[in-house]
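User: Please take a close look at one part of this model for me. I would like a connected account of how that part is put together.

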Amino acid sequence: MSNNKYKILVIEDEANICNLLETSLTTNGFQVVSVGTCRDAITMTLSYVPDLVILDLGLPDRDGLEYIKEIRRSDATPILVVSARSDENDKVLALDLGANDYITKPFGNAELLARVRAALRNRRSSEIESVLDGKFHLHDMEIDYARRMVYIAGEEIRLTRTEYNILEILSQNPGKVLTYAAIIRKIWGPTDDGGVKKLQVNLANIRKKLGSKPGDNKYIINELGVGYRISEE
Ligand code: CA
């Protein structure tokens, strides 16, 4: 009966939060296993083979970041990090180590489920869709990867090389926040100075050219102090 359910591994040592997550996810049709230590998490990831991992960074035996480092050597299972509001640096580190997304405590049920579904959906679509027709679609925007062209409602948008490269990287990582450092490394290499400022200027230009007004998150979402992600709806 539960054969077709997505399997989620919850790694969280606080019983209250763990129960909340389990109840919410189970009620919504997911199959859930939970563990409270990093050591158990690594064992369970290998034996349970989850479709998604929800990870609290503050674990009693080892740091949750250690888990990401360990797992990412050989495994691409989406990891959704649960973090406290004050852990900005940890969020960035987690994303740079290969976490897909994060959700900040305290979070609501709807937000949790939206993030979970997005991570699961994009895990499949990123593997399949872009390979099939070499194009990316979001609202009225189309990116043609082979021709390196971008269209809004059929109209060509003229981006610089750098602007196009940034948009391409974001579009190829749906459901994932890309940190400033990760984008900068890919665009300008590892040793560039003043990269964040340059990136922000480029992003502002991209958004202007795509016709987004300030504060408008139609195509690209600005995760303040962390990075950027491509919008999902
Ligand atoms: Ca904890």
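**The hairpin and its surroundings**

Strand 11 and strand 12 make a hairpin, with three residues between them. In the turn, G225 has a positive phi of about 75°. Keep in mind that this is a predicted model.

E223 stands opposite G227 of strand 12. G227 is also the bridge partner of T179.

Strand 12 spans residues 227-230, and both its faces are covered. G227 and R229 are buried on one side. Y228 and I230 are buried on the other.

S212 is buried, because its relative accessible area is 12% and the cut-off is under 20%. Leaving aside residues up to four places away in sequence, S212 touches R207 and Y219. How far is S212 from Y228 in space? The C-alpha atoms are 15 Å apart, with 16 residues of separation in sequence.

Elsewhere in the model sits a calcium ion, whose protein donors are D13 (OD), D56 (OD) and G58 (O), at 2.2 to 2.4 Å. D13 is in the loop between strand 1 (7-11) and helix 1 (15-27) and D56 is in strand 3 (residues 52-56), so the pair ties together parts 43 residues apart in sequence. D13 is partly exposed, at 35% relative accessible area. D56 counts as buried, at 5%.

Key: Residues are numbered from 1 along each chain as its sequence is written. This is a predicted model: local features need pLDDT of at least 70, side-chain atom pairs count only at pLDDT 80 or more; totals for chains, interfaces and linings use all residues. Side-chain values use heavy atoms; hydrogens and water are left out. Donors are N, O and S atoms within 2.8 Å of the metal (3.2 Å for Na, K and Ca); water is not among the atoms, so sites may look incomplete. Helices (H or I, at least four residues) and strands (E, at least two) are DSSP runs, numbered from the N terminus. Buried means under 20% relative accessible area, exposed over 50%, partly exposed in between (1.4 Å probe, protein chains only). Contact means heavy atoms within 4.5 Å. Two strands pair if DSSP finds at least two bridges between them.
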